[in-house]
Amino acid sequence: MSDINDRKKAFENKFARDAEMQFKVNARRNKLVGHWAAAQMNLTAEETDAYAKSVVAADFEEAGDDDVMRKLLGDLTSAGVEIDEAGVRTAMEEYMDEARRQYMEESE
């Protein structure tokens, strides 16, 4: 019986580690895409840092990426940047790959 409990505990620990990793990768992606969007909007360095933090915070509004997508697309179009949802999604995917790469490098 202890073998089953040990396996259960190991699976629970792995699930917790994986969830934590995904949270950190998503936050890093949001920061990176926030910097990208700030550059598109020609924000200053100080404004860029604040904006990137606001993109990270936007991800806490609801589950999934729709809240971040709405923020980015709304802010970019309000700033006069010609971009559509597909363009923002592409950037988010590219920065997700970069965020994963950075996270893995730091974890080694």
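Two rings of Phe, Tyr or Trp count as an aromatic pair when their centres lie within 6.5 Å. Keep that cut-off in mind for the first close-up, and remember throughout that this is a predicted model.

**View 1. The aromatic pair of F23 and F60.** By the ring cut-off, the structure holds one aromatic pair. Its partners are F23 and F60, whose ring centres sit 6.1 Å apart. F23 belongs to helix α1, whereas F60 comes from the loop between α2 (45–58) and α3, so the pair ties together parts that are 37 residues apart in sequence. How accessible are the two residues? F23 has 47% relative accessibility and therefore counts as partly exposed. F60 reaches 57%, which places F60 in the exposed class.

View 2. Setting aside neighbours within four places in sequence, F60 is in contact with F23 and D67. For a sense of scale, the C-alpha atoms of F60 and T90 are separated by 21 Å, and these two residues are 30 residues apart along the chain. E62 lies in this loop between α2 and α3 as well. Which residues does E62 touch, leaving aside its neighbours within four places in sequence? They are D67 and R70. With 33% relative accessibility, E62 counts as partly exposed.

**View 3. Helix α1 beside helix α3.** Here helix α1 (residues 2–40) packs with helix α3 (residues 66–78) at an angle of about 10°, and their axes are 10 Å apart. Angles under 35 degrees count as roughly parallel, and α1 and α3 are therefore roughly parallel to each other. From α1, the contact is made by N30, V33, W36, A37 and Q40, and from α3 by V68, L72 and L76.

**View 4. Helix α1 crossing helix α4.** The axes of α1 and helix α4 (residues 85–107) come within 8 Å and cross at roughly 125°. That angle makes α1 oblique to α4. The crossing in which α1 passes α4 is right-handed. On the α1 side, the contact is made by M21, Q22, K24, V25, N26, R28, R29, L32, V33 and W36, and on the α4 side by A91, M92, Y95, M96, E98, A99, R100, Q102, Y103, M104 and E106. Sorted by type, the residues of this contact of α1 with α4 are twelve nonpolar, three polar and six charged.

**View 5. R28 at the contact of α1 with α4.** This close-up picks out R28, one of the α1 residues that make the contact with α4. R28 has its place in helix α1. Which residues is R28 in contact with, apart from its neighbours within four places in sequence? The partners are A99, Q102, Y103 and E106. The C-alpha atoms of R28 and E98 are separated by 8.9 Å, although the two residues are 70 residues apart along the chain.

**View 6. Helix α2 against helix α3.** The axes of α2 and α3 come within 8 Å of each other and cross at roughly 145°. Y51, S54, V55 and A58 of α2 make the contact with D67, V68, K71, L72 and D75 of α3. The residues of this contact of α2 with α3 comprise five nonpolar, one polar and three charged.

View 7. The place of N42 is in the loop between α1 and α2. T48, found in helix α2, has 11% relative accessibility and so counts as buried. Beyond its neighbours within four places in sequence, T48 is in contact with H35, A38 and L43.

Notes. Residues numbered from 1 in each chain as written. Predicted model: local features only at pLDDT ≥ 70, side-chain atom pairs only at ≥ 80, totals over all residues. Heavy atoms only, no water. Axes fitted to C-alpha atoms, helices over the stretch in contact; angles between N-to-C directions. Helix = DSSP H or I, 4+ residues; strand = E, 2+ residues; numbered from the N terminus. Parallel < 35°, antiparallel > 145°, perpendicular 65-115°, else oblique. Contact = heavy atoms within 4.5 Å. Phe/Tyr/Trp six-rings, centres within 6.5 Å; stacked < 30°, edge-to-face > 60°. Buried < 20%, exposed > 50% of the residue type's maximum accessible area, 1.4 Å probe, protein only. Left-handed = near helix turned anticlockwise from the far one by under 90°. Nonpolar A, V, L, I, M, F, W, Y, C, P; charged D, E, K, R; others polar.
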